[in-house]
Amino acid sequence: MAIKHIVMWTLAGDDDAAKDEAAAEITARLEALVGRIPGIQSLTVQRNAAFADVNYDLALISVHDDVAALKAYQVHPEHAEIAGYIRSVVAQRASIDLEA
C-alpha cells in the first residue's frame, strides 16, 4: 500500500527575502531526490497560497511505495543532509502519513 507523506513548515525569521530564499532552496533540494532515492513515486514542495498570518509557509507532499520505502527515504544520507538544512531555517514543523 502506498503512503502519502505530508510535512508542513513555518520558516524562521521575519525577513521575507530570506524566507523566499530558504523556501526555494528546500524545494530544489527535496525535489532533486526523485529518481535518486528508490521508492519515491512522487514528491512536490509548494509555498502557502493564502492566509499567511495563520498557515504554514511551505508543504511537502510525497508518495512512497510503502512504509518501508518511507522509512528508507527518511534515513537515506541525501535526505538526512537536506533535513539538517531544513532544521536550520524553520521554526515549526508538522507531519502526517496517510494511506494513498
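The largest pocket has a volume of about 200 Å³. A pocket here is an open set of points on a 1 Å grid over the protein atoms alone, where a 1.4 Å probe fits, with protein on both sides within 12 Å along at least five of seven lines. Points are joined across faces, edges and corners, and the volume is the space filled by probe spheres set on them. Lining residues have an atom within 4 Å of a point.

Thirteen is the count to keep in mind: 13 residues line this pocket, and Trp-9, His-79, Ala-83, Ile-86 and Arg-93 are the closest to its centre.

Before going on, the ground rules. This is a predicted model, with local features needing pLDDT of at least 70, side-chain atom pairs counting only at pLDDT 80 or more, and totals for chains, interfaces and linings using all residues. Numbering runs from 1 along each chain as its sequence is written, and side-chain values use heavy atoms, with hydrogens and water left out.

Which elements supply the lining? Strand E1 (3-11), helix H2 (67-75), helix H3 (77-89) and strand E4 (90-99) each give at least two residues. H3 gives the most, with 4. Helices (H or I, at least four residues) and strands (E, at least two) are DSSP runs, numbered from the N terminus.

By class, the lining has 8 nonpolar, 3 polar and 2 charged residues. Nonpolar covers Ala, Val, Leu, Ile, Met, Phe, Trp, Tyr, Cys and Pro; charged covers Asp, Glu, Lys and Arg; the others, Gly among them, are polar.

Now H3 itself. It has 13 residues and reaches 19 Å from its first C-alpha to its last, close to the 18 Å expected at 1.5 Å a residue. The expected span is 1.5 Å times one less than the number of residues. Its buried residues are His-79, Ile-82, Ala-83, Ile-86 and Val-89. They cover an arc of only 125 degrees around the axis, which puts them on the same side of H3. The arc is taken from the directions from the helix axis to the C-beta atoms. Buried means under 20% relative accessible area, exposed over 50%, partly exposed in between (1.4 Å probe, protein chains only).

The face of H3 turned away from that side carries exposed Pro-77, Glu-81, Arg-87 and Ser-88. Ser-88 has a relative accessible area of 53%. Its C-alpha is 8.5 Å from that of Ala-12, 76 residues apart along the chain. What covers the buried residues of H3 includes E1, H1, H2 and E4.

Next, H1, residues 16-31. It has 16 residues and reaches 22 Å, close to the 22 Å expected. Lys-19, Ala-22, Ala-23, Ile-26, Thr-27 and Leu-30 are buried. Seen down the axis, they fall within an arc of 130 degrees, so they line one face of H1. On the other side, Ala-17 and Glu-21 are exposed.

H2 buries Ala-69, Leu-70 and Tyr-73. Their arc is only 100 degrees, which puts them on the same side of H2. Ala-68, Lys-71 and Val-75 are exposed on the other side.

One last item: Phe-51, in the loop between E2 and E3. Its phi is near 55 degrees, a positive value in a residue other than glycine. Most residues other than glycine have a negative phi. Is Phe-51 buried or exposed? Exposed, with a relative accessible area of 62%.

Notes:
Contact = heavy atoms within 4.5 Å.
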